[in-house]
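Please look through the sequence and the structure below before reading on.

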Amino acid sequence: MKLYYIPGACSLSSHIVLSECGLPYDLEKVDCTTMKTERGIDYRTINPKGYVPAIELDNGEVLTEAAVIAQYVADLVPEKGLSPPYGSVERYRLMEWLNFIATEIHKGFSPLFHPKITDEMKTLVIERLNTRIDYVAKQLEGKNYLLGNHFSVADAYLFTILSWAKNLKVDLSRWSVLSGYMRRIGDRPAVFKALAEEGLIEGSKKVERGTVAA
Ligand SMILES: N[C@@H](CCC(=O)N[C@@H](CS)C(=O)NCC(=O)O)C(=O)O
């Protein structure tokens, strides 16, 4: 399997899941300005949608959309427990989170990456985003992870997106539960490995993220 990624972008969630699953994978970086991959090919020939992530399966098939890639990879190694079994209520709970993260949090952040966003617009976007983050923080009270005490692919996705906050001046400090949550996930060896492979860790220090179009 090969993951096409932009360092620190939402594709980091797929990378974390691959790393957590312990499956062999290759990585190919995409330059977000030229849309050329490390091999020098036009990334749009891999994913005509023109954004990361995409994974190329060993049979040549390409899968896109972070929430779907995460589930596909996790389902290859069910014993890791990163996604509850299909058909269970827990699985629908996971999908509920993934959809919420994709549409409300991930795409809630997206306008903040636009170079032409005005201060007024930024305030409105952050106000709305804060209502969604507030909901997440309330749900995390008394829990280690979104689904309870087990790390799941939803945590890989949420961690990735919330790690953009500092650079985009979205202040998470009012939700103390989130700092513990982010630390808990960042300390996972597989997460550390993925961050290091994307060049987001210098020595033992994390590099700020949130500079690519999302
Ligand atoms: N719906 C897609 C959105 C993916 C997305 O927004 N990717 C961003 C990085 S976080 C990207 O590649 N942006 C570059 C661009 O749109 O040119 C998903 O959930 O995977």
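How are helix 2 and helix 3 oriented to each other, roughly parallel or roughly antiparallel? The model is a predicted one. In general, a pair of packed helices is described by the angle between the two axes and the distance separating them. Here, helix 2 (residues 66-76) packs against helix 3 (residues 89-109) at about 150°, and the axes are 9 Å apart. Angles over 145 degrees count as roughly antiparallel, and therefore helix 2 and helix 3 are roughly antiparallel to each other. Helix 2 contributes Ala66, Ala67 and Ala70 to the contact, and helix 3 contributes Leu98, Asn99 and Ala102. Sorted by class, this contact has 5 nonpolar residues, 1 polar residue and no charged residues.

Cys21 has 19 other C-beta atoms within 10 Å and is partly exposed, because a buried residue needs 20 or more. Leaving aside residues up to four places away in sequence, Cys21 touches Val73, Ala74, Leu76, Val77, Lys80 and Leu82. Asp31 is 10 residues from Cys21 in sequence, with 26 Å between their C-alpha atoms.

The chain as a whole has 7 helices and 6 strands. Starting at the N terminus, the order of elements is β-α-β-β-β-α-α-α-α-α-α-β-β. The radius of gyration is 17 Å, close to the 17 Å given by the globule rule for 214 residues, so the chain is as compact as a globular protein of that length. Along the principal axes, the C-alpha atoms fill a box of roughly 45 × 45 × 35 Å. Of the 214 residues, 35% count as buried. Of the contacts between residues at least 6 apart in sequence, 64% join residues at least 24 apart.

How values were computed. Residues are numbered from 1 along each chain as its sequence is written. This is a predicted model: local features need pLDDT of at least 70, side-chain atom pairs count only at pLDDT 80 or more; totals for chains, interfaces and linings use all residues. Axes are lines fitted to C-alpha atoms, for helices over the stretch in contact, and angles run from 0 to 180 degrees between N-to-C directions. Helices (H or I, at least four residues) and strands (E, at least two) are DSSP runs, numbered from the N terminus. Angles under 35 degrees count as roughly parallel, over 145 as roughly antiparallel, 65 to 115 as roughly perpendicular and the rest as oblique. Two residues are in contact if their C-beta atoms, placed from the backbone, lie within 7 Å. Ala, Val, Leu, Ile, Met, Phe, Trp, Tyr, Cys and Pro count as nonpolar, Asp, Glu, Lys and Arg as charged, and the others, Gly among them, as polar. A residue is buried if 20 or more other C-beta atoms lie within 10 Å of its own, exposed if 12 or fewer, and partly exposed in between; C-beta atoms are placed from the backbone. The radius of gyration is taken over C-alpha atoms; the globule rule is 2.2 Å times the number of residues to the power 0.38.
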